[in-house]
Amino acid sequence: MSNEVKTEFIEEKTMYGKNGVRVLQHRREGKVHHIKEVEVNTELSLSSKKDYIDGDNNDVVPTDTQKNTVYALVREKGIRTIEQFGMDLCKHFLETHSQVHTVNVYIEEAPWRRLDHTGREHVHAFILNPEAIRFCQVTQRRYGKPCVSAGLKGMKVLKTTKSGFVGFARDKYTTLPEVTDRFFCTTVYSKWTYDELLGLDFDRAVETVKAIILDNFAGPPDTGVYSPSVQNTMYLAQKQSFQKVPQISEIEIVMPNSHYFTIDLSKFGMENKDEVMLPAEKPAGNIKLSMKRHPKSKL
Ligand SMILES: O=c1[nH]c(=O)c2[nH]c(=O)[nH]c2[nH]1
C-alpha cells in the first residue's frame, strides 16, 4: 500500500481574469460624435487545473492578454450595447482557445449623456449623469448559449410623502411608531436575467425596467402613489417587469431603506413638522426580493 495520503479536498472552481479594464470607444458620424465608456472584468475557467496544481502555465491565457483583447474587440466589433460586447468577448475567448471552458464577463457603463443645457443636443460634448449605473454579466460555457443578465445600480431616489409602515409585528423591543406619512429614500440595485435573446432590444429592456421601478416608487407626477412598505413597492415593480419584458426569467431588487429622522427642535421652542430632517445613511434597512418566472408562464 502506498504511503501517499489521499487529500480530502478538491479544487471546486478555478477562475482567473482581469478586473477594471477601462476603455472608451469614440465613434465619428460626420460632425456628430458618439462615445461609450466601459469598465470590464473578464474571467476564464480552463478545462484543466494544471495551472493551479502543477504550476504548468501551458493553457493559461494571461490576464494581460485578456485586457488587450478587450481593447482590440472595441476596435474590431465596437460596443453597440454592453450586453452584446459581453457576448462578443465570450465568443472570442471560446473560439480562440479550446482549453477555455467557461468565460464570465462583467461590464459597467459610464453614464455619459449628450450635453443639452442650451436646449439642443451637442454634437461632441457630454456630461456624466450618474443617475444609475448600467451593468451586465455574460457567462458562456463551451457548447452552451450565452447567459445574459443586465442591471442597474446606484439609483438613489427620495420621496417626501406617500409612504408609510403600519401593522408590523411587535415585541418587547419594538419602539418604531406606526406612520402613514414618511420619507422613502433608497438606492436601487436591480439585476435580471434573460432566457431569450433572439430579437431582444437590450437598451429598450433596461429603459423599460428602469421606468417601471421609478413609476412604482414615485407614481403619477401630480399625485404620487402610496407605498405601504418597501417590500410591497419592490414586489409590484418586479411583477410588472415580468409582464412588460417577456424575455426576463428572473429578477432581483435590493432596496436599502435610508432613514430620515425628524430633528427635535422643541428644546428651542420650535415646532418641526418634518421640515428639518436628519439624513441617517446608517444603519439602514435592507430589503431584498428575488423572483423567478413560473417556467410555463410567458405573459
Ligand atoms: O418598509 C419598511 N419595511 C420594513 O421591513 C421596515 N422595518 C422598519 O423598521 N421600517 C420598515 N419599513
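What follows is a chat about the fold and the salt bridges of a predicted model.

Me: What should I know about the model before I start?
Reply: This is a predicted model, in which local features need pLDDT of at least 70 and side-chain atom pairs count only at pLDDT 80 or more, while totals for chains, interfaces and linings use all residues. Residues are numbered from 1 along each chain as its sequence is written, and side-chain values use heavy atoms, with hydrogens and water left out.

Me: ok, how many helices and strands does the chain have?
Reply: The chain has five helices and 10 strands, where helices (H or I, at least four residues) and strands (E, at least two) are DSSP runs numbered from the N terminus.

Me: And what radius of gyration does the chain have, against a compact globule?
Reply: The chain has 24 Å, whereas a compact globule of 299 residues would have a value near 19 Å; the radius is taken over C-alpha atoms, and the globule rule is 2.2 Å times the number of residues to the power 0.38. Along the principal axes, the C-alpha atoms fill a box of roughly 80 × 70 × 45 Å.

Me: How much of the chain is buried?
Reply: Buried residues make up 37% of the 299 residues, with buried meaning under 20% relative accessible area, exposed over 50%, and partly exposed in between (1.4 Å probe, protein chains only).

Me: Switching topic, how many salt bridges are there?
Reply: A search of the whole structure finds 12, each being a side-chain nitrogen of Lys or Arg within 4 Å of a carboxyl oxygen of Asp or Glu.

Me: Which residue does Glu-39 pair with?
Reply: Glu-39 forms a salt bridge with Arg-22, at 3.9 Å from N to O. This pair links distant parts of the chain, since Glu-39 lies in strand S2 (residues 32-46) and Arg-22 in strand S1 (residues 21-29), 17 residues apart. Glu-39 is partly exposed at 34% relative accessible area, while Arg-22 is exposed at 54%. Arg-22, Glu-37 and Glu-39 are also linked in a network of salt bridges.

Me: What about Lys-36, where does its partner sit?
Reply: The side chain of Lys-36 meets that of Glu-109 in a salt bridge of 3.3 Å, N to O. Lys-36 is in strand S2 and Glu-109 in strand S3 (residues 100-109), 73 residues apart.

Me: Are those two buried or exposed?
Reply: Lys-36 is buried, with a relative accessible area of 19%, and Glu-109 counts as buried at 15%.
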